Amino acid sequence: MTLTAIKSKTEAVNFVEVVLPVPLKRSFTYAVPQDVATRPELGQRVRVPFGKRRLIGFVTATHTEIPKDLDVDIKKLRPIIEFLDDEPLITPEILRLSEWTADYYASFWGETLKAALPAGMNSENVRPKRRKAVKLLDPALADHSKALTEQQSAILETLTDAGGEMLWIDLLDSANVGASPVNTLVKRRFLDVFVQDILRDPISAEKLPERPAFALTVHQDSALAAITDAIDESEFKAFLLHGVTGSGKTEVYFRAIRHSIAMGRSALMLVPEIALTPVFSRQLRSAFGTTVAILHSGLSQGERFDEWRRIRAGEARVAIGTRSAVFAPLENIGLIIVDEEHDASYRQRESPFYNARDVAVVRANFAGAVAVLGSATPAMESFHNAQNGKYTLLSMPERIGGRNLAAAELVDMREAFRRAGKDVALSAELLEAIGETASRGEQIIVLMNRRGFSQFVLCRTCGETIKCENCDITLTFHRRDGRLSCHYCGFGMPAPRVCPKCESEFLYFVGEGTENIADQLAKKFPALKIERIDRDSITRKGELEQKLRDFAEGRTDMLVGTQMIAKGHDFPNVTLVGVVGVDIGLGLPDLRSAERTFQMITQVAGRSGRGEKPGRVVIQTYHPDHYALKRSMAQDYEGFYGDELKFRENFRYPPFVALASIMVRHRDLSRAKSIANAIRRFLDAANPSKAVRIVGPASASIARLKNEYRMQLILRSESRRELRKVVDIALAEAEARGVEMRYVYVEIDPVSLM
Ligand code: ADP
Ligand code: ZN
Ligand code: ZN
């Protein structure tokens, strides 16, 4: 406990500092009304007046008297309107961690705290009682006689993103709509309104699998021993657990968690978005009973709130969750695991742009805990840290039971094109492999990393492609609803019959997506039961789980899908994985395209041959000589690491430099440019020694997104401290000189530069 907190127990607290979810780097002082029963504590949520608005913020400091250096006029102080919690939802440790996070990622404390708590907890509406809620119904049964309005689409999208269910009030808030379009959607049977129950255990109704009792393999044993020894030391230590797919990392995690609990400490485990969570949380529940709490975006807000309270109250001592669970209010934490640590979903893609993997290591450091980052394909930075001694490397190079990793074959699509005399999406080799596999009664996964039917529509007469109204992005054709849609902003329109520009009828649909591939496969293999898994085909809560279960239990023969199917699942009867369209990722102009491609192929190849039978992987590509493909075929991580390191060195990318991106986003291009130019001048002024190399401003590779133009500056330095210093000084100066900082987005350690 900090000094201030101790003091607050004994002395009267007359004033508090509150951070608010506003883009300002400061806290605000408020008076504490003396006539209310609740006394302020650190981390408590309060409602306060802010200009003409009322905002919810967090208490970050308490005073008996106003410190002189704060320079505030007591007479002008406004009082707190209301305390929202009797007990703070977060701990002093989380306050400190969120402050560090805000600082490191050049964002704002109030905003970071808002992101730290599960969505919706910032609204006072989330309180433990019965509330009106809304859920999605099967869209096939809805009334489609009229097109959806923009607001109606926004409502459906918001609900889908929230896992299909939301509190009424939060839906209105998040989708930014009034009650009327929601009521219309209820009439049209898209939605149902219900009263949410108080009991919200997300997995209580599921039957729990039995946990088998294994003898650990030699590699598991030594990895576990290193981790448990470190837990016993009660000092910070970070491990990188590099274990090939199927090497039994999960078992090591579980036993390490058990050890931490046995030592009287708590444990946190982070997992990537969606795919892993339902499976893993059930396994965790069966291993740890009610002492485990789960936190992920698929839960309703009420469920998340209850789980959070169980953690805060110490009832749950193991927390498992996605990104923001890194801020779960566990006390006396002994172990933090980050599974699939390379996964891009640990990075928040909006402000504050934090990386939960890196925050996890810092949290472990603050708490004297052990951090374990696990992956079959560690991020370049993590492996580099293991090479230079920052992390201790633990290796599990063999699959359980000595099973071989699947043999991979590349199919050169230039050859396939020559043979067929036309573009083909599915090569003869892959089709033949599918036929053979199916005839043996074994299962198949086909990965296609793009959803929709056709990537874009091209007019053969005028050469025009049909683009989004709001983005510099071509629209994707979805055949099921006959619409073109933007995968970035959700804009949609009915697919036109003639070119909107020249009215030519010769429209050409280019580039396959999952819908198309699944279709072609269904035609070629009418006897097989094929399911598609992507964001379009998964619309209801529980649907993904159901499809995965059908596949695991053999009711489906083949899964076709995006990377939602690539990770984590364990299907022993899958002996063939086909990778179609790998060139899409490889061709992206981004620093991590090769790394992502390597990771994706290795992960998906790891789905093949996990049972007794040997597995095969068939990868179609126009770039058979690319090192990312060759190395992933050989499942040669270290070979890839060496190749990629050379690329990173040549292009001055991490881990050789610290990187930052500053993006200016504005609806008006000239304003975007002038703000970006101003930022550049402040950066130059803060960087007289030129220790930081600055490129730009230039149009970002997606030059316009969601109706905003994007001007980007890229900063590099051998010295991270120098880079952070220059960014801080320049931004503070820019803010002081009136540059409109709300259009400026700073990313420290960006995972992507697009
Ligand atoms: P990873 O996460 O490294 O890809 P998993 O943890 O999914 O690997 O383990 C692969 C499979 O091996 C799982 O079905 C798991 O239950 C099983 N398994 C793990 N450890 C052992 C062991 N020591 N003996 C037998 N089976 C094991
Ligand atoms: Zn045309
Ligand atoms: Zn768009």
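Before going on, the ground rules. This is a predicted model: local features need pLDDT of at least 70, side-chain atom pairs count only at pLDDT 80 or more, and totals for chains, interfaces and linings use all residues. Residues are numbered from 1 along each chain as its sequence is written, chains are lettered from A and ligands numbered from 1 in the order written, and side-chain values use heavy atoms, without hydrogens or water.

Glu 235 sits in the loop between α7 (218-233) and β9 (237-243). Helices (H or I, at least four residues) and strands (E, at least two) are DSSP runs, numbered from the N terminus. Is Glu 235 buried or exposed? Exposed, at 52% relative accessibility. The cut-offs: buried is under 20% relative accessible area, exposed is over 50%, partly exposed is in between (1.4 Å probe, protein chains only).

Next, salt bridges. The whole structure has 41. The criterion is a side-chain nitrogen of Lys or Arg within 4 Å of a carboxyl oxygen of Asp or Glu.

Take a local one. Lys 523 pairs with Asp 519, closest N and O atoms 3.7 Å apart. Both lie in helix α15 (residues 514-524), four residues apart, about one turn. Lys 523 is exposed at 65%. Asp 519 is partly exposed at 23%.

Now Arg 648 and Glu 595. Their salt bridge is 2.6 Å, N to O. Arg 648 lies in helix α20 (residues 637-650) and Glu 595 in helix α18, so this pair ties together parts 53 residues apart in sequence. Both residues are buried. They also belong to a network of salt bridges with Glu 381, Arg 592 and Glu 644.

One more pair: Glu 740 and Arg 671, at 2.9 Å, N to O. It links distant parts of the chain, 69 residues apart. Glu 740 is in the loop between α22 (720-736) and β30 (744-748); Arg 671 is in helix α21 (residues 669-685). Glu 740 is partly exposed at 27%. Arg 671 is partly exposed too, at 31%.

Stay with α18 for a moment. Thr 602 is in this helix, residues 593-605. A polar atom of its side chain lies 2.6 Å from the backbone oxygen of Phe 598. Thr 602 is buried, at 4%.

Last, backbone geometry. Most residues other than glycine have a negative phi, and most peptide bonds are trans. Which peptide bonds are cis here? Ser 351 to Pro 352 is one, omega near -5°. Pro 352 is in the loop between β13 (333-339) and α11 (356-367). Another joins Gly 696 and Pro 697, omega about 10°. Pro 697 is in strand β28 (residues 693-705).

Then positive phi. Asn 176 has phi near 55°. Its loop runs between α5 (168-175) and α6 (179-187), and Asn 176 is exposed at 66%. Glu 503 has phi of about 65°. Glu 503 is in the loop between β21 (492-494) and β22 (507-512), exposed at 62%.

How values were computed
Polar contact = N/O pair within 3.5 Å; in protein donor to acceptor, adjacent residues only side chain to side chain.
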